[in-house]
Amino acid sequence: MEISNSDQQLIDLKPTSHRKIIELVEEAGIDVSDWANFKGGAEKASMNPKYCYEWFFEDKPENITVLNLWFDNCEVLDGVVVQKLNMRQAAEELKGIKKRRAYNMDFSLQNAARLKTAVRVIICDENPKLKKEGEKSTADRRHLDPINWFIKEYDGDGNCILQRGEIAAPYIDQFTLRELEIIQPEKIESTSFVYPRSKAVRDQVLFRAKGSCEHCGEKGFRTNSGALYLESHHIIPLSEEGIDHISNVIALCPNHHREAHFSENASALRTAFLSKVSS
Ligand SMILES: [Zn+2]
Ligand SMILES: [Zn+2]
């Protein structure tokens, strides 16, 4: 049987080595110098109880959040690796310090969802050889996932879906699709030479358009990634020495983009587009 890409991702995610939490937290870019501030000193910093049992770590100024997640709770949903959790509900069933940890982690998830920040994830797994019958599981194998995660969903009841991968861009154009190799180059452009164009300019234009054709106002369609699709178009073509600047680029629905290139009204459209983007 063929293994799908997402199933393979899940297999690769399973930690195989024994790494200390402190090492992984440091690897994620969080300052761990305070771990040595206890009676065990620097030598036993990795066992500082103030930190080593925590479920998540934060560096607020640097905007880094690291979460501990169990490998066994990861699953593939719609072709991507996710983990569903509800720390608020978990908190209600826990007591003492664990209750506090669960509430804190829930708060951190809420923040990451609100600010749309990427989170780093330490994947934990137990060593089945060390697990004794009837005992609670303890993480023995861990690694820091090199790939970022983000909060895909967080609802009013604390239900949270974490997704492995980068937060999808809200807006996308034909060039981004090509970069992602979603469509093959030969299917999109017939010209043999493509002028280099700035991604920053395209992105600025897409954000200016907010997903609606800047000529007719029609909303672009939603792609698989959730982004709204429009095509970015240089009003005066780069081949005619038009500039690669937001004052010469417009975001169009696919129809109007084709019209801009092939319609008998092309020159009237060019004038209309120029006045649009200058206003
Ligand atoms: Zn349009
Ligand atoms: Zn064009």
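H5 is followed by Lys116, whose phi is positive, near 55 degrees. The model is a predicted one. H5 has 20 residues. From first C-alpha to last it reaches 29 Å, close to the 28 Å expected at 1.5 Å a residue.

One side of H5 faces inward. Its buried residues are Ala102, Met105, Asp106, Leu109 and Ala112. They cover an arc of only 125 degrees around the axis, so they lie on the same side of H5. The face turned away from this buried side carries the exposed residues Gly96, Ile97, Arg100, Arg114 and Leu115. The cover over the buried residues of H5 includes E1, E2, helix H4 (87-93), E7 and E8.

Two of these covering elements, E7 and E8, also belong to a sheet. Helix H5 (residues 96-115) lies across E7 and E8 and runs at about 95 degrees to E7. The sheet is open, with four strands in the order E3-E4-E8-E7, and its pairing is antiparallel. Strand E3 (74-77) and strand E7 (149-154) stand at the edges. Each has a single partner strand, so one side of each is left without a neighbour in the sheet. From one strand to the next, the twist averages 35 degrees. Within the sheet, strand E4 (residues 80-85) pairs with strand E8 (residues 160-164) over four bridges, in the antiparallel sense. Val82 stands opposite Gln163 in E8.

In soluble globular proteins, nonpolar side chains tend to be buried together. The largest nonpolar core here has 29 residues. Those with the most contacts inside this core are Val25, Val66, Leu67, Leu69, Leu109, Val121 and Ile122. Helix H2 (21-27), strand E1 (56-59), strand E2 (64-70), E4, H5, strand E5 (120-125), E7 and E8 each supply at least two of its residues. Leaving aside neighbours within four places in sequence, Val66 is in contact with Val25, Ala28, Ile30, Phe56, Phe57, Arg120 and Ile122.

The chain as a whole contains ten helices and 13 strands. Of its 279 residues, 25% are buried. Among contacts between residues at least 6 apart in sequence, 61% join residues at least 24 apart.

Notes
Residues numbered from 1 in each chain as written. Chains lettered and ligands numbered in written order. Predicted model: local features only at pLDDT ≥ 70, side-chain atom pairs only at ≥ 80, totals over all residues. Pairing = 2+ DSSP bridges. Axes fitted to C-alpha atoms, helices over the stretch in contact; angles between N-to-C directions. Contact = placed C-beta atoms within 7 Å. Core = buried A, V, L, I, M, F, W, Y, C linked by C-beta atoms within 7 Å. Buried ≥ 20, exposed ≤ 12 C-beta atoms within 10 Å, placed from the backbone. Expected span 1.5 Å × (residues − 1). Arc of directions from axis to C-beta.
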